[in-house]
Amino acid sequence: MRDKNANPLTKVLGGWIFFAFASQLVACGGTTEDTSAAAPGVKQLTEGQVRGIPSPYDESITVYRGLPYAAPPVDDLRWRAPTAPATWSGVRSADTFADSCYQPRHSSTFVWRREDFPVSEDCLYLNVWTSANGDKKPVMVWFHGGSHVSGQGHSLIFDGTTLAQHDVVVVTINYRLGPLGFLAHPWLSEESATETREGTSGNYGLMDKIAALQWVNRNIASLGGDPNNVTIFGQSAGSQSVCSLMTAPAAQGLFHKAIGQSAACVNQLTKADAKGYERGQALVEALGVSSIEALRGAEPDALLEAMAASDWESGSRIVIDGVVLPQWPDEVYAAGEQSNIPLMLGFLANEGHELFPVNTALTEPELKSFLGYVAGDRGDELAAQYDAENMTPGELQHAISTDLFMAYGKRQWASYHANAGNQTFLYFMDHVPPSFHIYMPDQPFLELEGGPRSGGAYHSGDLAYVFGTLDKVGYDWNETDRKVSAQIVDHWTQFAKTGNPNSPGSSDWQAFNTVDLHTRVINETPETVGGVRNTIMSIFSGAE
């Protein structure tokens, strides 16, 4: 990896420790009270003094809501690298979550249904859960999913109380989304040529994550955490971010372990439009503006409408901009030049359920062509690994594509990392959770024809288990669910503490290598096996 001190982005993001005389208080997400001396419960951050509140679920856990980790990315700061947050005088009461970053509302897709909620461009805030049990506790920083287009770190399903009860400090963040977080366009690149990004654009949401990690680096010790023992973890788009940040020069040294749930960044992708300019230009054309000034002044909802009209989100939101990500992540991993840290990663048994569309119009000849593309001369053998006789061509293509993207992507990520000599742990969760509206705790009920568990181990079905929030969201939980959640919480927090998910004295979950393929199967009766879906994986590997 390149020396991060040589990176111009790092120079901007890394200098925040020297902003002691920055501007006035950012009001969103908290209030301040005048005080001349630190009172009990008040903590000193580099930006000012702060007081948290007891978690409503356990008074021994203190939660700090809505702490700014960067200045509001509005007006002239829209589509620019995050800059230092304002300082404040007095004591900030961190009792209110900030608004979600701007994103579409009123969507009704399977478990991911969302209705109206407050959104704002002023959204670069984070939340912290910590106990009073000593200092220098391991830190876990969460990146939410949502295709880099939606989501928020303060959803109730991500409440950090249960994890914090296991003597870790939990941090969840909001980061810029959709075109406000990932638009790349020649106008923006030209504008940045005289600034810090060497004439590039895009990946603002990734830069936000780096800025949040720098906030953790300089502030988390005041809240009981160890800045030298930070684990980043995320699911779906959050996992893709984890995967990408392990190759980002400016992120090196800011985290020491990583957990990736249900998505990777090492799949073979088309190299076309690597910088995202073609999709960016299509969005700008749909927006109907003819200058960067008009683009920067566009209403956020107009940008979302242009995103939909131009099909901008059909391509990767993360781009190879040359600075944040100098090259394709799979190339970095193949060369063994990613972060040399412990890694835990895995996927669920039914990731594609309602996540990816099924091409109902796919014909048998088109299916045969697809099989040849992904499996070479082993297409028939690949089809035989599925219940092909009872599947339409579109359903079979959907199942294979899901395994290629999710299962094989995870196996490849694990293989690259293990082959570079790094401690790597791979898991596969086939425990079936109930389906519910995961982001609507007040309206969780989701009627499925086959019952609440007919969706299988679906994408995002692990979230409540990881955070131990089964008593806060969803419905139809049972004792088996609670047992599985306790198992997962223990694995995740043990890994954050030591880089090994096993409890002290246990070696049940063996590290992954490309010979033995050790994979932890997570369910009521967990076991470590020699890989899952091995024939499918070998066919994908041979077809590369």
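**Exercises on a predicted model**

Helix α13 (residues 393–419) lies across β13, β14 (343–348) and β15 (424–429), and runs at about 165 degrees to β14. Keep in mind that this is a predicted model.

**Exercise 1.** Find the order of the strands in the open sheet, and name its edge strands.

*Solution.* Start with the order: eleven strands follow one another as β4-β5-β9-β11-β10-β12-β13-β14-β15-β16-β17, with mixed pairing. Next, look for strands that pair on one side only: these are β4 (53–55) and β17 (527–530), the edge strands.

**Exercise 2.** In which sense do β12 and β13 pair, and over how many bridges?

*Solution.* Take β12 (residues 225–235) and β13 (residues 257–261): they pair in the parallel sense, over five bridges.

**Exercise 3.** Decide whether His144 is buried or exposed, and list some of its contacts.

*Solution.* First locate His144 in the loop between β10 (137–143) and α2 (161–164). Its relative accessibility is 1%, so His144 counts as buried, the cut-off being under 20%. Then collect contacts beyond four places away in sequence: among them are Phe158, Tyr175, Leu177, Gln235 and Gly238.

**Exercise 4.** What length does helix α5 reach, and how many of its residues are buried?

*Solution.* Helix α5 (residues 204–219) has 16 residues and reaches 22 Å from first to last C-alpha, close to the 22 Å expected. As for burial, 15 of the 16 residues of α5 are buried, leaving the helix mostly covered.

Terms used. Residues are numbered from 1 along each chain as its sequence is written. This is a predicted model: local features need pLDDT of at least 70, side-chain atom pairs count only at pLDDT 80 or more; totals for chains, interfaces and linings use all residues. Side-chain values use heavy atoms; hydrogens and water are left out. Helices (H or I, at least four residues) and strands (E, at least two) are DSSP runs, numbered from the N terminus. The expected span of a helix is 1.5 Å times one less than its number of residues. Buried means under 20% relative accessible area, exposed over 50%, partly exposed in between (1.4 Å probe, protein chains only). Two strands pair if DSSP finds at least two bridges between them. Contact means heavy atoms within 4.5 Å. Axes are lines fitted to C-alpha atoms, for helices over the stretch in contact, and angles run from 0 to 180 degrees between N-to-C directions.
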